[in-house]
Amino acid sequence: MTLDSAGLQVLSREECLALLASVPVGRIVFTDRALPAVQPVGFVLDGEHVVIRTTAGSRLASAARNAVVAFEVDEFDARTHQGWSVTMVGHARAVQDLAEIQRLALLPLTPWARGGGDQFIVMFPQQISGRRIHGEAALT
């Protein structure tokens, strides 16, 4: 097990992907009017790609087209001081190809907000990193 300078366990790429696949909601970080914005989103993994479904006219849909974005998921237990966090950085694109839209529509993906869902955004991660905190590491 590899630890970072803070005593957190460094997760492998495979562990990060398994944890990503274990939760239905993450946070996407994008640029909105030259400022950073964070939005919770329902997502699903398609291989190593993050697939999000949003409304075509949304701020996210506009901002995430051919842009660099970050994506984060986590799970923490405040009582036991245990948990993990996985972060990805990469390029996102709006899906325009009808065949790809039809394929992505078959994925088990529920939008975070009701009523949204006519635009797919796919993120292609260039960096994936993750950390796990164990109860004893939080106390040191």
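## Exercises on a predicted model

Buried residues make up 39% of the 140 residues in the chain. The model is predicted.

**Exercise 1. Describe the fold: how many helices and strands are there, and in which order do the elements run?**

Step 1. Count the elements. The chain holds four helices and seven strands.

Step 2. The order is β-α-β-β-β-α-β-β-α-β-α.

Step 3. Look at the contacts. Take those between residues at least 6 apart in sequence; 67% of them join residues at least 24 apart.

**Exercise 2. Classify the aromatic pair F43 and F71: stacked, tilted or edge-to-face?**

Step 1. Count the pairs. The chain has one aromatic pair.

Step 2. Take the geometry of F43 and F71. Their centres lie 4.9 Å apart, with 75 degrees between the planes. The cut-offs are within 6.5 Å for a pair and over 60 degrees for edge-to-face. The F43 and F71 pair is therefore edge-to-face.

Step 3. Place the residues. F43 sits in strand β3 (residues 35-46) and F71 in strand β5 (residues 67-77). They are 28 residues apart, so the pair links distant parts of the chain.

Step 4. Check burial. Both F43 and F71 are buried.

**Exercise 3. Characterise the largest pocket: what is its volume, and which residues are closest to its centre?**

Step 1. Give the volume. The largest pocket has about 150 Å³.

Step 2. List the centre. Of the 14 lining residues, V23, P24, F43, V44 and P108 are closest to it.

Step 3. Find the main contributor. β3 gives the most to the lining, with four residues.

Step 4. Sort by class. The lining has 12 nonpolar and two polar residues, and no charged ones.

**Exercise 4. Examine R33 and A34: where do they lie, and are they buried or exposed?**

Step 1. Recall the background. Most residues other than glycine have a negative phi.

Step 2. Read the angles. Phi of R33 is positive, near 55 degrees. A34 also has a positive phi, about 70 degrees, although it is not a glycine.

Step 3. Locate them. R33 is in the loop between β2 (25-32) and β3. A34 lies in the loop between β2 and β3.

Step 4. Assign exposure. The cut-off for exposed is over 50%. R33 has 69% relative accessibility, so R33 counts as exposed. A34 has a relative accessible area of 70%, so A34 is exposed.

Definitions and conventions
Residues are numbered from 1 along each chain as its sequence is written. This is a predicted model: local features need pLDDT of at least 70, side-chain atom pairs count only at pLDDT 80 or more; totals for chains, interfaces and linings use all residues. Side-chain values use heavy atoms; hydrogens and water are left out. Rings of Phe, Tyr and Trp (its six-membered ring) pair if their centres lie within 6.5 Å; planes under 30 degrees apart count as stacked, over 60 as edge-to-face and the rest as tilted. Helices (H or I, at least four residues) and strands (E, at least two) are DSSP runs, numbered from the N terminus. Buried means under 20% relative accessible area, exposed over 50%, partly exposed in between (1.4 Å probe, protein chains only). On a 1 Å grid over the protein atoms alone, a cavity is a set of points where a 1.4 Å probe fits but cannot get out, and a pocket is an open set with protein on both sides within 12 Å along at least five of seven lines; lining residues have an atom within 4 Å of a point. Grid points are joined across faces, edges and corners, and a volume is the space filled by probe spheres set on the points. Ala, Val, Leu, Ile, Met, Phe, Trp, Tyr, Cys and Pro count as nonpolar, Asp, Glu, Lys and Arg as charged, and the others, Gly among them, as polar. Contact means heavy atoms within 4.5 Å.
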